[in-house]
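Visitor: I am new to this structure and would be grateful for a guided tour. May we look at it together?

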Amino acid sequence: MPAVLTAASKLVCPHGFAMLATPGAALVTVDGAAVLVGADLLGATFACTASGPGIKPCTKVGSIDAGLAGTLRIRDEQAALATAFGTTDGTPPTPWHVTSAGQTKLEAT
Ligand SMILES: [Zn+2]
């Protein structure tokens, strides 16, 4: 099973810059870091400074295409998993993704 994402997880935009997701609530924590849910990923910001011909830096998440837990919900929101990816408003349109879940104690599907 994939690990659940927390505030300590590392995510990157299509250009390799940090994607910053902030937990809206700390009801469930792993190693002291709050678990991330879908709404936290949708509200993520980017430290993206990509530039060049045909390149637009990412400023917000466009969608979550995979990686939300079907079995673990926190306040009616699906927990986010290490398998998560989706689109941003940047170009070229390749997915944001998780590079490190940051914890190995809590897994879900
Ligand atoms: Zn980017």
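Guide: Let us begin with a definition: two strands pair if DSSP finds at least two bridges between them. Helices (H or I, at least four residues) and strands (E, at least two) are themselves DSSP runs, numbered from the N terminus. The model is a predicted one, in which local features need pLDDT of at least 70 and side-chain atom pairs count only at pLDDT 80 or more, while totals for chains, interfaces and linings use all residues. Residues are numbered from 1 along each chain as its sequence is written.

Visitor: Over how many bridges do strand 6 and strand 7 pair?

Guide: Strand 6 and strand 7 run antiparallel to each other. Ala66 has Phe85 of strand 7 as its bridge partner, and Arg73 stands opposite Gln78 in strand 7. The number of bridges between strand 6 and strand 7 is four.

Visitor: In the hairpin of strand 6 and strand 7, which residue takes a positive phi near 50°?

Guide: This hairpin has two residues between the strands. Most residues other than glycine have a negative phi, and most peptide bonds are trans. In the loop between strand 6 and strand 7, Asp76 has a positive phi near 70°. The residue with the value near 50° is Arg75.

Visitor: Is Asp76 buried or exposed?

Guide: A residue is buried if 20 or more other C-beta atoms lie within 10 Å of its own, exposed if 12 or fewer, and partly exposed in between, with C-beta atoms placed from the backbone. Arg75 has 10 such atoms within 10 Å and is therefore exposed. Asp76 has 7 other C-beta atoms within 10 Å, so Asp76 is exposed.

Visitor: Which residue in strand 8 is the bridge partner of Gly86?

Guide: Strand 7 (residues 77-86) and strand 8 (residues 96-100) are antiparallel and are joined by two bridges. Phe85 stands opposite His97 in strand 8. The bridge partner of Gly86 is Trp96.

Visitor: Near what omega is the peptide bond from Thr91 to Pro92?

Guide: Pro92 lies in the loop between strand 7 and strand 8. The peptide bond that leads from Thr91 to Pro92 is cis. Its omega is near -5°.

Visitor: In what order do the six strands form the open sheet?

Guide: The pairing in this sheet is antiparallel. Strand 5 (45-46) and strand 6 (66-74) each have a single partner strand, so they stand at the edges, and one side of each is left without a neighbour in the sheet. The order is 5-2-1-8-7-6.

Visitor: What pattern does the protein follow along the sequence?

Guide: The protein contains one helix and eight strands. Read along the sequence, they give the pattern β-β-β-β-α-β-β-β-β.

Visitor: What is the radius of gyration of the protein?

Guide: The C-alpha atoms fill a box of roughly 40 × 25 × 20 Å, taken along the principal axes. The radius of gyration is taken over C-alpha atoms, and the globule rule is 2.2 Å times the number of residues to the power 0.38. For 109 residues that rule gives 13 Å, and the protein's own value is close to it, so the protein is as compact as a globular protein of that length; its radius of gyration is 13 Å.

Visitor: What percentage of the contacts with a separation of 6 or more is between residues 24 or more positions apart?

Guide: Two residues are in contact if their C-beta atoms, placed from the backbone, lie within 7 Å. Leaving aside neighbours within four places in sequence, Ala79 has contacts that include Val4, Val35 and Ala108. Of the contacts in the protein with a separation of 6 or more, the share of residues 24 or more positions apart is 69%.
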